[in-house]
Amino acid sequence: MGKLLIVGTVAFDAIETPFGKTDKILGGAATYIGLAASNFNVSSAIVSVVGDDMPANYLNLLSAKNIDISGLEIVKGGKTFYWKGKYHNDLNVRDTLATELNVLADFNPKVPESFKDADVVMLGNLHPNIQLSVINQMTERPKLIVLDTMNFWMDHSLPELLNVIQHIDVLTINDEEARQLTGEYSLVKAATKIEAMGPKYVVIKKGEHGALLFHKNKVFFAPALPLEEVFDPTGAGDTFAGGFSGYLASTRNISFENMKNAVIQGSNLASFCVEKFGTERMVTLNKEEVNKRLLQFKELSQFDIELE
Ligand code: AMP
């Protein structure tokens with residue numbers, strides 16, 4: 001069984017969408033990545049930090065999915081990372097109303113001994129120095145290091161972000177962030193510039209418009225499944241990253257051809273995530289539902305054209 005090491009926030013999220021509002025529910029990049037990856041045959045562990053205000057039942061939810069949380073530090077008297085976001089009627093647009101780092105501000109990650117030889121390391125969204133510290137603790141170079149980030153870290157810690165990016169294989173990033181990072185509007189040019197920064201592969205996520213995988217002069221596009229109702233897009237990007245990295249860890253095949261499948265797996269899982277608030281849908285998701293929708297993805301994007 002492949003091993004997947006996940007780093008990222010485990011958070012309290014307060015979310016407002018045109019369809020409703022929640023206060024302080026379980027969220028965080030590592031949470032969504034872990035839940036998504038649990039759909040594959042992988043042994044996974046989360047390295048993160050929370051305060052003792054995090055209810056045990058939220059953490060049990062991760063253990064119940066066989067995610068090793070021995071690397072999840074609980075700081076006594078500490079407050080968990082908090083994020084508040086509001087979506088517009090166009091759900092592709094969201095405003096961040098609050099980001100409180102709290103215990104994350106002085107976090108010193110410790111990779112569990114048994115995961116220092118993980119096949120795939122998924123560096124979810126958090127401070128780039130924490131992401132780098134995790135890479136440095138690996139005793140063997142992982143087959144694949146994937147990194148996800150967001151505009152917050154570009155605004156606050158760009159030099160550190162540019163440094164960690166030199167050590168990774170795949171960068172997953174959304175379209176606006178790729179433009180911000182490179183100053184290029186064209187996503188093709190942006191991907192080329194990012195490849196020059198270090199990563200051999202670049203995945204650009206375009207929300208309800210799918211995702212693009214770039215490698216040298218090759219490009220692959222996966223659509224997002226057209227859904228009748230999207231309830232809450234929070235975590236879709238992380239769920240994509242969890243599906244992508246979880247699939248690659250379980251198959252232990254990091255060829256470009258297999259990465260195409262990984263992009264589809266990520267897109268498929270993200271399509272479930274957005275159907276309910278927070279992590280609700282990912283917690284109840286089962287294999288049969290996942291496989292049924294994979295077939296829909298196939299039908300959506302396959303065609304047989306005869307060239308004259
Ligand atoms: P996504 O919708 O996939 O971009 O990710 C949303 C998740 O990212 C939420 O659950 C938040 O807790 C988490 N998040 C928001 N801002 C940050 C940040 N600056 N660093 C790390 N995680 C964040």
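Strand S9 (residues 144-148) is mostly covered, with 5 of its 5 residues buried. The model is predicted. Helix H1 (residues 29-37) is likewise largely enclosed by the rest of the structure, since 9 of its 9 residues are buried. Elsewhere, 4 strands form an open sheet with mixed pairing, and helices H3 and H5 pack against each other with their axes 8 Å apart.

- S9 pairs with strand S8 (residues 120-123) in the parallel sense.
- The S8 and S9 pairing runs over 4 bridges.
- Within this pairing, Val121 stands opposite Ile145 of S9.

**The four-stranded sheet**

- The strand order is S3-S2-S6-S7.
- The sheet is open, and its pairing is mixed.
- Strand S3 (20-27) and strand S7 (94-100) are the edge strands, and each pairs on one side only.
- Neighbouring strands are turned by 15 degrees against each other on average, direction ignored.
- Strand S2 (residues 11-17) and strand S6 (residues 82-87) run parallel, joined by 5 bridges.
- Ile15 has Gly85 in S6 as its bridge partner.

**Helix H1 on the sheet**

- H1 packs on this sheet and touches S2 and S3.
- The direction of H1 makes about 80 degrees with that of S3.
- The buried residues of H1 include Ala29, Ala30, Ala36 and Ala37.
- Also buried in H1 are Thr31, Tyr32, Ile33, Gly34 and Leu35.

**Helices H3 and H5**

- H3 spans residues 128-137 and H5 spans residues 158-165.
- The two helices pack at an angle of about 25 degrees.
- That angle makes H3 roughly parallel to H5, because angles under 35 degrees count as roughly parallel.
- The crossing of H3 past H5 is left-handed.
- On the H3 side, the contact involves Pro128, Asn129, Gln131, Leu132 and Ile135.
- These residues meet Glu160, Leu161, Asn163 and Val164 in H5.
- By class, the contact of H3 with H5 has 5 nonpolar, 3 polar and 1 charged residues.

Definitions and conventions: Residues are numbered from 1 along each chain as its sequence is written. This is a predicted model: local features need pLDDT of at least 70, side-chain atom pairs count only at pLDDT 80 or more; totals for chains, interfaces and linings use all residues. Side-chain values use heavy atoms; hydrogens and water are left out. Axes are lines fitted to C-alpha atoms, for helices over the stretch in contact, and angles run from 0 to 180 degrees between N-to-C directions. Angles under 35 degrees count as roughly parallel, over 145 as roughly antiparallel, 65 to 115 as roughly perpendicular and the rest as oblique. A crossing is left-handed if the near helix is turned anticlockwise from the far one by less than a right angle, and right-handed if clockwise. Contact means heavy atoms within 4.5 Å. Ala, Val, Leu, Ile, Met, Phe, Trp, Tyr, Cys and Pro count as nonpolar, Asp, Glu, Lys and Arg as charged, and the others, Gly among them, as polar. Buried means under 20% relative accessible area, exposed over 50%, partly exposed in between (1.4 Å probe, protein chains only). Two strands pair if DSSP finds at least two bridges between them.
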